[in-house]
Amino acid sequence: MAQLTEKEYEAIQALNAEYRQAMFMRVAKEADGFYILADNDGPLILEDTEEDDEHNLYSILPVWSHEELAAGYAKNNGMDSFKPQFVTRKVWNEKWVPAFRDQPNVLIGFMPISDKDFSVESPMEI
């Protein structure tokens, strides 16, 4: 996958949550995978601090379409131990999605950036 130019990086940063999610889905299919952040203990999981209407709290696995976006998120949030890791669509669909079926309080967070809102959904095949 081609690296983002600075102009492309900034343009993606300006997109709202729905456009970032749509872009993620398109790019992940084209690139046959996507990026997560991981360290020696495993993938980055964000913990939701607000309950939904039924008083549930969720864990969120953030995902990004480009390595630079994942690395930028880690850098901007002082997560120096976390590095971008590519996950192929095949591994995601065959291993990760079935594993999440037993964990209903885990959601996927699409391309979080800085302090903007981001879309979340239940884990699905890509």
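Predicted model: local features only at pLDDT ≥ 70, side-chain atom pairs only at ≥ 80, totals over all residues.

User: What makes β3 and β4 a strand pair?

Analyst: Pairing requires DSSP to find at least two bridges between two strands. β3 (residues 46-47) and β4 have two bridges, in the antiparallel sense. The requirement is at least two, so the pair qualifies.

User: How many bridges join β4 to β6, and in what sense do the strands run?

Analyst: β4 and β6 run parallel, joined by five bridges. In this pair, Leu61 stands opposite Ile108 in β6.

User: Which elements does the protein have, and what decides the labels?

Analyst: There are four helices and seven strands. The order from the N terminus is α-α-β-β-β-β-α-β-α-β-β.

User: Why is β4 called mostly covered?

Analyst: Five of its five residues are buried. Buried means under 20% relative accessible area, exposed means over 50%, and partly exposed lies in between, with a 1.4 Å probe and protein chains only. On one side of β4 the buried residues are Ser59, Leu61 and Val63; on the other, Ile60 and Pro62. Both faces are therefore covered. Across the protein, 41% of the 126 residues count as buried.

User: What makes a set of residues a nonpolar core, and which residues have the most contacts inside the largest one?

Analyst: The set must consist of buried Ala, Val, Leu, Ile, Met, Phe, Trp, Tyr and Cys residues joined through side-chain atoms within 4.5 Å. The largest such core has 34 residues, and Phe24, Phe34, Leu37, Val63 and Trp92 have the most contacts inside it. Two or more residues each come from α2 (17-31), β1 (33-39), β4 (59-63), α3 (67-76), α4 (89-100) and β6 (106-110). α2 gives the largest share, five residues. In soluble globular proteins, nonpolar side chains tend to be buried together.

User: Which residues does Leu37 touch?

Analyst: Contact means heavy atoms within 4.5 Å. Leaving out residues up to four places away in sequence, the partners of Leu37 include Gly42, Leu44, Trp64, Ala70, Tyr73, Phe82 and Pro84. Across the protein, residues 24 or more positions apart account for 71% of the contacts with a separation of 6 or more.

User: How do you know that Glu30 and Arg26 form a salt bridge?

Analyst: A salt bridge needs a side-chain nitrogen of Lys or Arg within 4 Å of a carboxyl oxygen of Asp or Glu. Glu30 and Arg26 meet at 3.5 Å, N to O. That value is within 4 Å, so the label holds. The two lie four residues apart in helix α2, so about one helical turn separates them. Glu30 is exposed at 59%, and Arg26 is partly exposed at 46%.

User: What other salt bridge does the search find?

Analyst: The whole structure holds two salt bridges. The other joins Asp32 to Arg89, with the closest N and O atoms 3.8 Å apart. This pair links distant parts of the chain: Asp32 sits in the loop between α2 and β1, Arg89 in helix α4, 57 residues apart. Asp32 has 42% relative accessibility and Arg89 has 22%, so both fall in the partly exposed band.

User: How do you know that the protein agrees with a compact globule?

Analyst: The radius of gyration is taken over C-alpha atoms, and the globule rule is 2.2 Å times the number of residues to the power 0.38. For 126 residues a compact globule would come near 14 Å; the protein has 14 Å, which agrees. Its C-alpha trace spans about 40 × 30 × 30 Å along the principal axes.

Key:
Residues numbered from 1 in each chain as written. Heavy atoms only, no water.
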